[in-house]
Amino acid sequence: MRLTEQYYMLTPCGLTPVRGQKYTEEYAVTYNHEKKLYNLTHIKSGTCISKDGFKRMKDCIYAADDLIEIAEKFIAENPERIQKHIDTFNYCIERNLIN
């Protein structure tokens, strides 16, 4: 898999641009240059799914389906929290708050 698309991760300071590739309609495999880690990112909210990330892309892809299952359960149980992340993400995009 080649990471040829640009996505954004939501951070406390705004959005961080990262390289990535869409994995499903709602998730992308991304690479954070600052932390040098791969992760699965929820595209709408810019939220990383794995707390620690992965040093190798193949490990991230191998764990992706399990991570999506956990994320979907979390989203279903915490819709207000996820909506807050989506609103913050959209606010940052509209105001170009990109690191």
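**Helices, core and cysteines of a predicted model**

Asn96 lies in the segment after α2; helices (H or I, at least four residues) and strands (E, at least two) are DSSP runs, numbered from the N terminus. The model is predicted: local features need pLDDT of at least 70, side-chain atom pairs count only at pLDDT 80 or more, and totals for chains, interfaces and linings use all residues. Residues are numbered from 1 along each chain as its sequence is written, and side-chain values use heavy atoms, with hydrogens and water left out.

Asn96 is not a glycine, yet its phi is positive, at about 55°. Asn96 is exposed, with a relative accessible area of 56%. Here buried means under 20% relative accessible area, exposed over 50%, and partly exposed in between (1.4 Å probe, protein chains only). Lys36 also has a positive phi of about 55° without being a glycine. Lys36 sits in the loop between β3 and β4. Its relative accessible area is 54%, so Lys36 is exposed.

Helix α2 covers residues 79–94, 16 residues in total. At 1.5 Å a residue, α2 should span 22 Å, and its end C-alpha atoms are 22 Å apart, which agrees. The expected span of a helix is 1.5 Å times one less than its number of residues. Ile82, Ile86, Phe89 and Cys92 are the buried residues of α2. They cover an arc of only 125° around the axis, which puts them on the same side of α2. The arc is that of the directions from the helix axis to the C-beta atoms. Glu80, Lys84 and Glu94 are exposed, on the face turned away from the buried side of α2. The buried residues of α2 pack against β1 (5–11), β2 (14–22), β4 and α1. Contact means heavy atoms within 4.5 Å.

Helix α1 runs over residues 57–77 and has 21 residues. A kink of about 50° in α1 is centred on Ala64. The bend at a residue is the angle between axes fitted to the seven residues ending there and the seven starting there. Buried in α1 are Met57, Cys60, Ala63, Ala64, Leu67, Ile68 and Ala71. Their cover includes β3 (27–32) and β4 (37–42).

The largest nonpolar core has 14 residues. A nonpolar core is a set of buried Ala, Val, Leu, Ile, Met, Phe, Trp, Tyr and Cys residues joined through side-chain atoms within 4.5 Å. Leu3, Val29, Tyr38, Leu40 and Phe54 touch the most other members. β3, β4 and α1 are the elements that give two or more residues to this core. The most come from α1, with seven residues. Leu3 touches Arg19, Gly20, Gln21, Val29, Tyr31, Tyr38 and Met57, not counting residues up to four places away in sequence.

The structure holds zero disulfides, a disulfide being a pair of cysteine sulfur atoms within 2.5 Å. Cys48 is in no disulfide; the nearest cysteine sulfur, that of Cys60, is 9.4 Å away. Cys92 is in no disulfide either, with the nearest cysteine sulfur, that of Cys13, 10 Å away. Cys48 is partly exposed, at a relative accessible area of 30%. Cys92 is buried, at 6%.
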